[in-house]
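Here's a quick walk through one model, from a surface patch to the sheet and the salt bridges. Have a look at it first.

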Amino acid sequence: MKKSLQLTPGIEPLYGTRDENLRLMEDGLGVQIDLRSDSIQVMGEAAEVARVEGIFADFEHLRKNGVNPHNGELHGLLKMVVADPTVTLRGLMESGKQRAVGAKRVVQPRSPNQRKYVEAIETHDMVFGLGPAGTGKTYLAVAMAVSALMAKKVSRIVLVRPAVEAGERLGFLPGSLQEKVDPYLRPLYDALYDLLDPAKVDKMLETNVIEVAPLAFMRGRTLNDAFIIMDEAQNTTTEQMKMFLTRLGNSSKAVITGDLTQIDLPNPRKSGLFDALQVLDGVEGIRFCHFEDVDVVRHQLVQRIVRAYESYRREEQLPLAMEAEPLPMAGTERKRVAKPQ
């Protein structure tokens, strides 16, 4: 089937940098797109041509309503539209508006796995987000927490991180206890200041509407009417993980994020996150969301770095950090045995 689509002024951003969005539609939908001076010809199966037509119509509708996603965001949205015939560009943008976190940001996933993650957070009381660096696990969780707070679905946000490297050495660092642990919590602060006006964040921190604390501060508490996030969960012990998970109170929601390839514990096999994956599998109300290198939304080089490490590990048959054996005592010899795949 061949169809000609008339072009309207202002439609050019849909093409993407060097027409990358048109190429994405061609490759993902199996169509051929021929750009003319005043029209676009689309050739392919009728259903796929109709999907391209729908993308152009949705973009025109959004543009007329003052919605102009920047190219990086638009490319991510189009990836999801191309991958899933039930998803539309207009539907994604409108669902993102429902998760608005104020004038600065709209919570908008940029990959199919990110979309599943966001939807899981909306529909489940406890969600685990697992995957490599740069996949948006922490940022999206904080954004969803802020969105819930702004919509008055919760009355406070509690952001937690284990300070593994500090351990008992905190006493040797200068400053108050909060000043000692703040460096470990900095990524959470960064997400907050990116999503909200800095003055508003400072006010919420002062009034404890937003609490950023090390994991040790959670013991003995019950957190009601709260959106709780634990970041870097791979660095918890089994006991710490169980302690955190049982803090969940009434009308609360919890998101746990981590990367099992970046465990900083002395014995990686004792990670509470790894243990939770085994123990909680199949428990009603809990959802596990896994990210891959294709979900990396930082600089495109980060995606290639993650992929290179994974490829090297497979080729050399190196175990993941969570499978690594403890280092031997001084003066002893250790033989590496490849773990069965």
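Leu301, Ile305 and Tyr309 make up a nonpolar surface patch with about 310 Å² of accessible area together. Patch members have over 30% relative accessible area and no salt bridge, and nonpolar side chains (Val, Leu, Ile, Met, Phe, Trp, Tyr) are joined within 5 Å; areas are Shrake-Rupley with a 1.4 Å probe, with only the protein chains shown as cover. Tyr309 sits in helix 11 (residues 300-316) and is exposed at 57% relative accessibility.

This is a predicted model: local features need pLDDT of at least 70, side-chain atom pairs need 80 or more, and totals for chains, interfaces and linings use all residues. Residues are numbered from 1 along each chain as its sequence is written, and side-chain values use heavy atoms, leaving out hydrogens and water.

Now the sheet: six strands, open, order 6-5-7-8-4-9, with parallel pairing. Strand 6 (210-214) and strand 9 (286-290) are at the edges with a single partner strand each, so one side of each lacks a neighbour in the sheet. Strands pair if DSSP finds at least two bridges between them; helices (H or I, at least four residues) and strands (E, at least two) are DSSP runs, numbered from the N terminus.

The whole structure has 11 salt bridges, meaning a Lys or Arg side-chain nitrogen within 4 Å of an Asp or Glu carboxyl oxygen. Three of them:

| Pair | N to O distance |
|---|---|
| Glu26 and Arg23 | 2.7 Å |
| Arg63 and Glu60 | 2.8 Å |
| Arg161 and Asp231 | 3.0 Å |

Asp231 is buried, at 4% relative accessible area; buried means under 20%, exposed over 50%, partly exposed in between (1.4 Å probe, protein chains only).

Notes: Patch = residues over 30% accessible without salt bridge, like charges linked within 9 Å, V, L, I, M, F, W, Y side chains within 5 Å.
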